[in-house]
Amino acid sequence: MTGLAFLIPIALGMGLLGLAAFFWAMRSGQFDDMDGAAHRILIDEDDE
Amino acid sequence: MNASVALPPDHAEDLRDTRFTVPAIRCAGCIAKIERELPKLSGVESARVNFSAKRVAIRHAASLDEGDLTLALRTIGFEAQPVSDNPLARDDADTRMLLRAVAVAGFGMMNIMLLSVSVWSGASGTTRDLFHWLSAIIALPVIGYAGRPFFASALMALRYGRTNMDVPISIGVLLATALSLYETVTSGAHAYFESAVMLLFFLLCGRALDATMRTRTRAGIGALLGRMGKSASVLQPDGSSQRVAAEDLEAGMLVLVAAGEALAADGVIEQGEGAVDNAMLTGESTPQSVSVGSEVHAGAINLFGPVQVRLTAVAGDTALAEIARLMDEAGQSRSLYVRIADRASRLYAPVVHSLAVLAFIGWMLAGAGWHQSLVIAIAVLIITCPCAMGLAVPAAQVVASGALIKRGLLVKDGSALERLAEVDVALFDKTGTLTLGTPRPDISALDEDARSVALGLAQASRHPLSKGLADALRSEGVSAAIVEDIDEQSGQGLTGRWEGMAVSIGRPQTDQDGMASELSVGNRRWTLLFNDPIRGDARQTINRLQSLGIESRILSGDARKAVRLVASELGLFAQAGASPQEKLRLLEELKAAGHNPLMVGDGINDGPALAAAHASIAPSTASDASQQAADAVFIGEKLAPVAFAVTIARKTMKIVRQNFKFAIGYNILAIPLALFGLVTPLIAAIAMSVSSLIVVGNSLRLARAGKDQE
């Protein structure tokens, strides 16, 4: 039973962390340009 | 990779952001080119491409204006249009709100389920009460946040004395929550928090899918919009000029229209001469020559040197605005269309509500006590408005629109797909729809040098013939020669020097039938004949439509002779010389006769017809207004997406009907169980998840249907 006192808050905390991460990602524009991200990986970064 | 989104606001005083829509961004190379080349320009701090929206945000010094930046983009090879505000922002905000609600509901669902499973597997006494309390603490804020879209929509419907899918959902969720709270407080055996939250989660998934589909396709269409004249330089009495927004223009003002600029109002030319491209109004690609005294209309593009225009009609009085009004009125009838999900819920909601009430009364009469009766009534409510219903339509439509985007067709929303599936007559405009709408030259006679010189010259001009020539040469893989001292004379053509020789493209010395121009390199001359070719696969597309039981006709505003030529080549019945009003009337007649017409057109003159038709499709080269009015926009030179759209739309509706049948079959099984009080929260949870998964799986078959069409 005492295990619950630790495990439930941990489970909830991790869930909340995931939720917070998602909200942050949305706010900072990670989902603004999904297709662009797929293309940007192909850009050669070094200038010749 | 996406790190540079937020720009530091330190020295924001003299910096500003301007956003451009650049439809030509197609690959990683384009992103790299714009983001690397633009900042090399002095005054530009950074450029950021949004590939999905086909936009570029440029942070630059206040000393640069929109014109400079447009020019800068053009010199690196991109046609760009400044966008003042973002008409899609609201839609975007709705989608974000829904995604957040999905995340919150998902979080709540997982945690409550964790606690519920423990209760189901035998937790009792204090542990069970503790878990119920924890569930309540998580569920209440989650339902309050994630349920808002449903509660708001249900309230709206009730306020107008109607009912929709959201009414039974809201009642079910609220009652289940209230009862679960009561159970929790009185240490009861069952709480239904997980059912309520799971219902919200699955339904929100359906909504979010629907909204994502809309924003994705609208971003594509939005990128193509925005070519109309939004402001004009007004000449002051003292000779200076001032930029005035289109809505602030007044009749009688004298405006200066530069080469390449679109007119923002109707007027009469007072000084200067040249040609205007009226394609936006009429769909006609041949430039129209104008001189002092000629009437010009808003939306026309001035092709050559500057002209001064005395405005005669502005804002709401222009020929363009008149057509826009017609379109608005014609579009009203379409808003009466009831989507299939709402039609289903109109039949469904009363049945669900009365069943729940009957269950309550029945069990009360049977002497079960009000508590048990209420539990059973709620079980009926929850189990009969399954997520399968909420997911049946959007899941299928999202998969279908994804398949269509890959084939070059952007569908604006789900209701467009539903209407496309019902069409039985197709009406095609000629210029720009059955034909490409841009003049294409016959370049077979040119040798390699002549081709590259021609491209070197033609790409410097905005004249439709030059553009057509450049497109044709580029599609043959010709690379441009370096031509120096290029000069464009209004109405005469282009001259330049190449390897010391005088080269030119211009009006032919002998009169030709139709559109022609003459290319000269040194002493050698070629005459290039232009025509407006029929789209390569027009015939196959019309045959495909025929095999779907859709009869095609031509409905064009062009002259009879030109229309007859195309009609006989394609073997279609044609009506020529139709004004926008006549097109509209013909569509109304077809509708009155019980047909569901599909209109495919591009010009503004097709706008009212596009808005009035049961469903409509426009090519991406169409005028802005036509793209707004159409349900779908197809990209590229092929007409095939039109037939493909109808095929996929019909398949989608077949899947949607299957989904509904499944949802109803599930109810026929589940309702008796619920009525007899046999549904525990565990059964409800399993039934809900399984039915949702089946519906989504069934809808995913559409993605394969898209590939089979090859």
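Strands here are DSSP runs of E, at least two residues long, and helices are runs of H or I of at least four, numbered from the N terminus.

This is a predicted model; local features need pLDDT of at least 70, side-chain atom pairs count only at pLDDT 80 or more, and totals for chains, interfaces and linings use all residues. Residues are numbered from 1 along each chain as its sequence is written, and chains are lettered from A and ligands numbered from 1 in the order in which they are written.

Six strands of chain B form an open, antiparallel sheet, ordered β6-β5-β7-β13-β8-β11. Strands β6 and β11 (295-296) of chain B are its edges; each has a single partner strand, so one side of each lacks a neighbour in the sheet. Pairing requires at least two DSSP bridges between strands.

| Antiparallel pair | Bridges | One bridged residue pair |
|---|---|---|
| β5(B) (residues 231-235) and β6(B) | five bridges | S233(B) and R243(B) |
| β8(B) (residues 266-271) and β11(B) | two bridges | G267(B) and V296(B) |

The hairpin of β5(B) and β6(B) has five residues between its strands. There, G239(B) takes a positive phi near 95 degrees.

Chain B also touches chain A. The contact takes 22 residues from each of chain B and chain A, counting residues whose C-beta atoms, placed from the backbone, lie within 7 Å. On the chain B side, α1 (28-37), β2 (44-50) and α3 (89-120) each supply at least two residues. The largest share, nine residues, comes from α3(B).

Definitions and conventions: Two residues are in contact if their C-beta atoms, placed from the backbone, lie within 7 Å.
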